[in-house]
Amino acid sequence: MSETYHPPLATSRKSAGLPTARLGTWWVVASEVVIFGGLVVSFVMYRMRHGEIWADQASHTKLYAGALNTFVLLTSSYFAVCAHKAAEVGDGKKAANLLVRTILLGGVFLCVKAYEYTSEILAGYGPKADLFWSFYYTATGLHGFHVVAGMVIMGFVAKDAAKGKFLHRVECIGIYWHFVDIVWIFLFPLFYIASGL
Amino acid sequence: MNKNTDEHKHPDYKKIYYSLLILLVISIWGPVFALNIDNRTMLVGTVLLTAFGVGLIKATMVVAWFMHLDIEVKVVRRLLAVCIAFLILLFAGVAPEVLCFDGENRDADPDPIYEYPKKDITKPAH
């Protein structure tokens, strides 16, 4: 083996001008843009088609719960980016601590969502109640699944970061988490605050 | 320098976070305020601007400063631009069909989920 050989580590191979792990994360985000974007675009088309009927349905979603969840996700994003800043200076323990706070806020988000689902289903607005509600449960359910996935991965990253290992992963999971936040930023007005239209 | 990361200059995240919270309040207050507007065009305009316009600003701030796309390499920005272009193509290609209610080869009721008012063909069109 020659001395110039470099192992294909996620932190060292930079053929695209950025670390491979981050490039991979961006590829994931790009594929998610198409998944969620397709869903949102379809929703917008049907929302325009079924104007008043869907406006009536949208008025039954809980604005205060949606607003609280937006606040929770924005705050979790703030902790995630602070974790990245801490990881960059090599402070793994602080990064892990901030990631744990992000995970906890992800848990709060899911609890609020569970409360919403329960009250809506009990009020007769289940996934089969109307096409609007089918879209609502598909989009928010898929988003909730991404929140759970992010929390699990973040748990592993935080565990390693606390030992000062694989700190580059803090930024990668942060990018993913911010994307999840952005998806909610678009879902919030679509399902909760555009009922007046 | 930490060998595991690409170091770069960080903006004031606390300031960005507070700005996002202010925008969140505007995006909630705007549409609620709009309910008092009698003019339909003004109402729709206010809701679109405060809910979706402010939402777009919030998303841009998160992408630019939290995800650091402002200092990311060009290939990533192009990658995302291609994805968004495909979404626009999806809308442009499908919307004319979804939003069309009548045409030569259409059924009278193209969407059986809802009952649309039937056209009375005996009455002359105004």
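The model is predicted, so local features are reported only at pLDDT of at least 70 and side-chain atom pairs count only at pLDDT 80 or more, while totals for chains, interfaces and linings use all residues. Residues are numbered from 1 along each chain as its sequence is written, with chains lettered from A and ligands numbered from 1 in the order in which they are written.

Start with the interface. Here 45 residues of chain B are in contact with 47 residues of chain A, contact meaning that C-beta atoms, placed from the backbone, lie within 7 Å. On the chain B side, α1 (13-34), α2 and α3 each put in at least two residues; helices here are DSSP runs of H or I with at least four residues, numbered from the N terminus. The largest share, 13 residues, belongs to α3(B). By class, that side of chain B splits into 36 nonpolar, 6 polar and 3 charged residues. Nonpolar covers Ala, Val, Leu, Ile, Met, Phe, Trp, Tyr, Cys and Pro, charged covers Asp, Glu, Lys and Arg, and the others, Gly among them, are polar.

Residues making the contact include A:W26, A:G37, A:G38 and A:R49 from α1(A), and B:C83, B:F86 and B:F91 from α3(B). In total the contact has 19 nonpolar, 2 polar and 1 charged residues.

Two non-glycine residues turn up with positive phi. A:F166, with phi near 50 degrees, is in the loop between α5 (131-162) and α6 (168-193) of chain A. For B:H68, phi is near 60 degrees, and the residue is in the loop between α2 (40-66) and α3 of chain B. B:H68 counts as buried because 21 other C-beta atoms lie within 10 Å.

Back in chain A, A:A55 is part of helix α2 (residues 51-58) and is partly exposed, with 15 C-beta neighbours inside 10 Å. The C-alpha atoms of A:A55 and A:F132 are 9.3 Å apart, with 77 residues separating the two along the chain.

Notes: Two residues are in contact if their C-beta atoms, placed from the backbone, lie within 7 Å. A residue is buried if 20 or more other C-beta atoms lie within 10 Å of its own, exposed if 12 or fewer, and partly exposed in between; C-beta atoms are placed from the backbone.
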